[in-house]
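Dear colleague,

Please find the structure below, handed over for your use. My notes on what was found in it follow directly after.

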Amino acid sequence: MRAVIVAAAVAFIISLFGTPVAIRVFTALKAGQPIRAVGPATHQGKKGTPTMGGVAFIVATVLAYVAGHVALTTLPEQQIAQVGPTMTALVLLGLFVFCGAVGFLDDFLKVRKRHSGGLSAKGKLLGQLLVGAGFGIAALYAPSTNGQTVASEHISFIRDISLLDVGKVGSVLIFVFVIMSMSNGVNLTDGLDGLATGATILVLGAYTLIGFWQYRHWCGDTTYAKGAAYCYEVRDPLEIALIAAAAAGACVGFLWWNTSPARIFMGDTGALGLGGLVGGLAMATRTTLLAIIIGGLFVIITMSVVIQIISFKTTGKRVFRMSPLQHHFELAGWSEVNIVVRFWIVAGICVAIGLGLFYSDFLAVMG
């Protein structure tokens, strides 16, 4: 637990004091966020706010992971937790960094063109596809010493569903789908000051608890698994908790500067990176379908876009004043702060339900 707390604290401090540095750097580089002309009129006042702020919390998370491992080497429990970098860490941090890199390219093109249209939709999806496929293959084809891979060949809810074995190829395809869905879901949720940051903190907090709970009831821990009624067949759960906690801490530090009125935006750099990480956490903890509930706000906002597109293309009518959903409420007269706080509440409810289902499954088995 000490290593997880150290990672979260270090990430928070680096992000809190590192984000102002990013603000000054990106302001000097004139990396201001272009604002879409078709968006809510109130957003025009945000034109010129520096973007690409996701760089700050991505760097903070990676550095905090290293700090967490330094703390880990001092613990007697290190005999069941790999001290060096694990494949789980390489996959999760790799998704965070490389999905963020796709977003960075998009942000860079927006800034360079001085236009809200950066990387094309096809180009962005292709980048996410390549990142997801690359790390999906690593997650399915690189076993550890105990034979577990980062991701599973089964579709999972709270744990693997034994009857739903899709094989390695099928699982890689699902892995890619989850990464692309989550990264785009967080990206669509971004757009109001602090909205995506706060919601993602809640989701990352949930995966910190899930990862640590799985670590305390891990099949890889022979001192626990021997004679235990139930243990979790996952790989490197302490790594999962450490990385989720570090990312959450980094986002809290960033939120200090990102909350309304934002002094910096995370941009696609941060949104795609965070979404890729959340998707990776869902696959690594064997909670793929549960992630739909835990990340319920991202799902709701994504579905608002899908519904709007389908309705307009089939009937010529719009269901919402504007999509994604947060802009509908802006045009309905809600203040930005009201929308953000209320959406955070929705995200918190979704997280609470997801954690409740996760824990109730454990109680059912142990009872």
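Which residues does Phe175 touch, not counting residues up to four places away in sequence? They are Val91, Leu95, Gly132, Phe135, Gly136, Ala139, Ala151 and Met283, where contact means heavy atoms within 4.5 Å.

Two remarks on conventions come before the rest. This is a predicted model, in which local features need pLDDT of at least 70 and side-chain atom pairs count only at pLDDT 80 or more, while totals for chains, interfaces and linings use all residues. Residues are numbered from 1 along each chain as its sequence is written, and side-chain values use heavy atoms, with hydrogens and water left out.

Overall form. The C-alpha trace spans about 65 × 50 × 35 Å along its principal axes. Of the 367 residues, 54% are buried, that is, under 20% relative accessible area, with exposed meaning over 50% and partly exposed in between (1.4 Å probe, protein chains only).

The largest nonpolar core has 99 residues, among which Phe57, Phe175, Leu204 and Tyr207 touch the most other members. Helix H8 (residues 237-258) gives the most to this core, with 15 residues. Such a core is a set of buried Ala, Val, Leu, Ile, Met, Phe, Trp, Tyr and Cys residues joined through side-chain atoms within 4.5 Å. Helix H5 (residues 167-189) comprises 23 residues and reaches 32 Å from its first C-alpha to its last, close to the 33 Å expected at 1.5 Å a residue; the expected span is 1.5 Å times one less than the number of residues. Ser171 is placed in H5 and is buried at a relative accessible area of 2%. Beyond its neighbours within four places in sequence, Ser171 contacts Leu140, Ser152, Glu153, Val166 and Met283. Just after H5, Gly191 takes a positive phi of about 140°.

Cysteines. One disulfide is found in the whole structure, the criterion being a pair of cysteine sulfur atoms within 2.5 Å. Cys219 and Cys231 form the link, with their sulfur atoms 1.9 Å apart. Cys219 lies in the loop between helix H6 (195-216) and helix H7 (222-225) and Cys231 in the loop between H7 and H8, so the pair ties together parts that are 12 residues apart in sequence. Both Cys219 and Cys231 are buried. Cys99 is in no disulfide, the nearest cysteine sulfur, that of Cys251, being 14 Å away.

Backbone exceptions. Most residues other than glycine have a negative phi, and most peptide bonds are trans. The bond from Ser260 to Pro261 is cis, with omega near -5°, and a cis bond also joins Ser323 and Pro324, with omega about 0°. Asp236 has a positive phi near 55° and is buried at 6% relative accessible area. For Arg286 phi is near 60°, also positive, and the residue is buried at 3%.

With kind regards

Technical notes:
Helices (H or I, at least four residues) and strands (E, at least two) are DSSP runs, numbered from the N terminus.
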